Amino acid sequence: MTATLPAPDRSEVSGPPLLRVDDLHVTFAGRHRVFERHARQAPARAVDGVSLEIGEGEVVALAGESGCGKTTLARAIMGFVRPERGTIEFRGEPLGKDLRGYRREVQMVYQDPTGALNPRQTVYDSVAEGLRIHKVPGDEAELVDRALARAGLRPPGRFLLRFPHELSGGQRQRVVIAGALALEPRVIVADEPVSNLDASVRGEILRLLLQLRRDARISILIVTHDLALAWSVADRVAVMYLGRIVEVGPTRDVLLEPRHPYTRALLDVVPDAQDAGALDRPLLTGEPPDPTRIPEACRFHPRCPALADGRAAEAGVEEACRSDDPRLEPTVPEHLAACHLAHRRPAGFRVP
Amino acid sequence: MAGDSLAAKARSPRSVVWARRRLSAGRFWATYRRSVMGIAGLAILVVFVLVALLAPVLVSSDQLDVTKATGPILEGPSLAYPMGTDDAGRSVLALIVWGSRVSLAIGLLAAAVSMVVGAAVGIVAGFRGGRWDAALMRFTDWFLVLPGLPLAIVLAAILGQSMFIIVMVIGLTSWPWTARIVRSQALSVRERAYVERARGLGARDPQLILKHVLPNLFPVIFANTILSIAAAILAESALSFIGLGDPLRVSWGATLELAFAAGAPTIGAWWWIGFPGACIVLVVLAFTMCGNALEEILNPRLRQR
Amino acid sequence: MNVLEVSGLSVAAVTCEKQVPAVRGVSFGIDRGQVLGLAGESGCGKSTIGLGLLRLLPPGTEMAGRAVLNGADVLAMAPSQLGAVRWTQASVVFQGAQHALDPVIRVGNQIEEAILAHRTATRRETRARTAELLELVGLPARRARDFPNEFSGGQKQRVMIAMALACDPDLVIADEPTTALDVMVQAQVLRLLKNLQMELGLSMLFITHDLSVLAQVSDRLAVMYAGRIVEEGPADEVFGSPAHPYTAALADAFPRIGDEAFVQSPGGLDGDPPDPRELPSGCSFHPRCPRVMDRCRTIEPPSFPAGAGRRAECLLLEEGAPEAMPT
């Protein structure tokens, strides 16, 4: 296996969180679809009350299926969509109207590196763009060189004058990362940074992100649908379902001892060559998640296996599941879940 | 490391971008060459533009002076007067050569006005969206539904007849079409990931428009402008024909107006109507052919980008 | 006898400049009722094989070699004979199949179209068969009346599978059938495919870049790189103890939850998959190989046995038994 790049000591990651999201709500207005049988006009509650903290030098994975709101949350953190409720705080200060300063410190890496680069701009121009916008003092060419080198494109001179279509997928993503690094950000929000890249190339990009965390203490928020990826890079994992975080905690805890039935269901379907019984395990039933029709009470209860097979009733929380929206609360310190069953059981309970 | 960047600087980013531009211009020309329509249109335009530019050399401006005309009156084409003469004895050829300057100039200027206003409105509406878009588009729609020619007539009648007024009138009544086309392009470019990335880097709207949106809209604006020139020349001819043109300048439309006023059809002086008319048709046709050829070439690339 | 026996298949795509070798001398066989997984990344040629087997590649593509389907060589057939083979003996579930449905035609009609294109049957018979097919893939028969936009991504994929099964083929070629789907829906579709395959005794060529998916559904696994099959063998053996360095590296790129070795340590390779237009000399994997030897740069390795029913194209195997890949 390749060399590991471990997280800094837990004690170093103490102190106030660098980025803090508090009860965030992002709603998209209902669209009127003319040619469908059921014209939907209900608004889509993409992010429906999310609170999350990211510490300095931490790698947090935001995991979930499509429609769960993870990308919307990432874009809200970047300031691309406006939340109608809730706050986002950076270094303790809420985001103001002018995001210019904020944009130097929080940068994004995109899912599609080809689309994210202007095809008419050279690599040099794409990386220098941020420097020019913020009028960063210093020799522009030197700063660009340094950013490219940090992003693993060496020697930088070889790449300066190339155009995006002359680069491979992995190289393009490195250019996007270099463009972000040029501004020396504190936080990188990576939206599915490797899902469009070839499998054998993903490792290098992920290793680059881990290296940036180790060397420069940059915090990384990785949005991904791939729990196995979260296993291999994240310190903490937050699992989202229908606009809420339903479970969050240290990677090992969440992925090996999940407390929320949804997390368990997701883990059950991750393809694993060593897991011969995977194809026979029961799957989640019910409608796939739709942010325009979020169920009442616990949003997962219509599909919850623990409710269906009686475990919830056994624990006496069945009524609660159908009537109260569970809050994200610690089951053990640091490992939070939004599930009545998880709350009822003391520490040490795991969803089998 | 420093050595590398020094070597790279020797071939600076600027020079590479220009080298690439020359290369893609060369490729563009190679593609354009293959379009028969485009080449035919371009050839005709080159001829007319040369004629217009070289007018003082080709034909003395004295020939336009009614008082100095020495030719026979209303005579058909002959060796001395290849396009015949008008009712004052002026050579129709002279009128056409000098008229080309006016018609082309007005057409180009009016199209420029239309393009600048239309592109500006289209970009801001398409890119900003929201209330800006709604307001600007209502404003555009208002101009769109106004009947162009009657409006032009009224404006010209009120504001007077001069080249400047004609240019403004045509420009201001034809920009909505450009605005709509530019807006729809801007709407699509706005969604592109690299525009969002630039925004994420901290760019503000004006920077985004200048650096990312405008360069991508340029092909569409350019092709559209060529077609607008055709429309503008036609409009100018129409306005001059009904007598609203600048009375002091001899455009093709004005020549037609004089011809009709003198009763040329009845007299049978076909050369006085036919040649100016043919020129208008040819030039408009040439611009349209070029514009269409351009759109054909530029459109697939637009979809790729 | 094998349902499909491919030997020495080579495909060259013809671009405006020159010939690009997409597939370079590939041989494999699929038994009746067996699933062969074909793994590889972009540019390796796996999709080209999938389409090429039914001669669905663009005109001008040059193909050499043999592809014997149920005893007859597909590559040597006249176009008229091909029509009889396509869909009735082998069918394809395409990549991005969810977008292959016509949005203005009802789903039932589209399935009927597929049936009638290859069989003659009465109205009633095709209706009945369509209903049967929909139930087979887990959709209620009445949904034949619905339009594609009323189905979710996973459901559309099921419709495409139903269409592929319309004429009872012996071999189904599935090209990235679950790639664009959510992990939950992917599991459902994979489960469906596996069940159908077992129920109907289908042979399947399952093409995907996702090695972990293949390890679950395939009986045998073939790994492709730069147009050649670099390793082939029983799926669990190839995945569990790869003989070729590329297979090991590719397996590494799919971390296993619970495996401490992967924590903070994403696997993978440096460099990029090679461009078919500019293949490296010798072994095409040598620029990225963690165990490259000098000979690898000049010698193109032939196929070596790597255990029972296994083979790999790597000079490391020249001495005989496969060395264990360091993990």
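Tutor: Begin with contact: two residues are in contact if their C-beta atoms, placed from the backbone, lie within 7 Å. This is a predicted model, in which local features need pLDDT of at least 70, side-chain atom pairs count only at pLDDT 80 or more, and totals for chains, interfaces and linings use all residues. Residues are numbered from 1 along each chain as its sequence is written, while chains are lettered from A and ligands numbered from 1 in the order in which they are written.

Student: Which chains have the most contacts between them?

Tutor: Two pairs of chains touch, and chains A and C make the most contacts. Chains B and C do not touch, their nearest C-alpha atoms being 15 Å apart.

Student: How are two packed helices described?

Tutor: By the angle between their axes and the distance between the axes. Axes are lines fitted to C-alpha atoms, for helices over the stretch in contact, with angles from 0 to 180 degrees between N-to-C directions. Helices (H or I, at least four residues) are DSSP runs, numbered from the N terminus. In chain B, the axes of helix α3 (residues 36-53) and α5(B) come within 8 Å and cross at roughly 105°. Angles of 65 to 115 degrees count as roughly perpendicular, so α3(B) is roughly perpendicular to α5(B).

Student: Which residues make the contact?

Tutor: α3(B) contributes Phe48(B), Val49(B), Val51(B) and Ala52(B), and α5(B) contributes Val97(B), Ser100(B), Arg101(B) and Leu104(B).

Student: What does Leu62(A) touch?

Tutor: Not counting residues up to four places away in sequence, its contacts include Lys70(A), Leu73(A), Leu221(A) and Met240(A).

Terms used. Helices (H or I, at least four residues) and strands (E, at least two) are DSSP runs, numbered from the N terminus. Angles under 35 degrees count as roughly parallel, over 145 as roughly antiparallel, 65 to 115 as roughly perpendicular and the rest as oblique.
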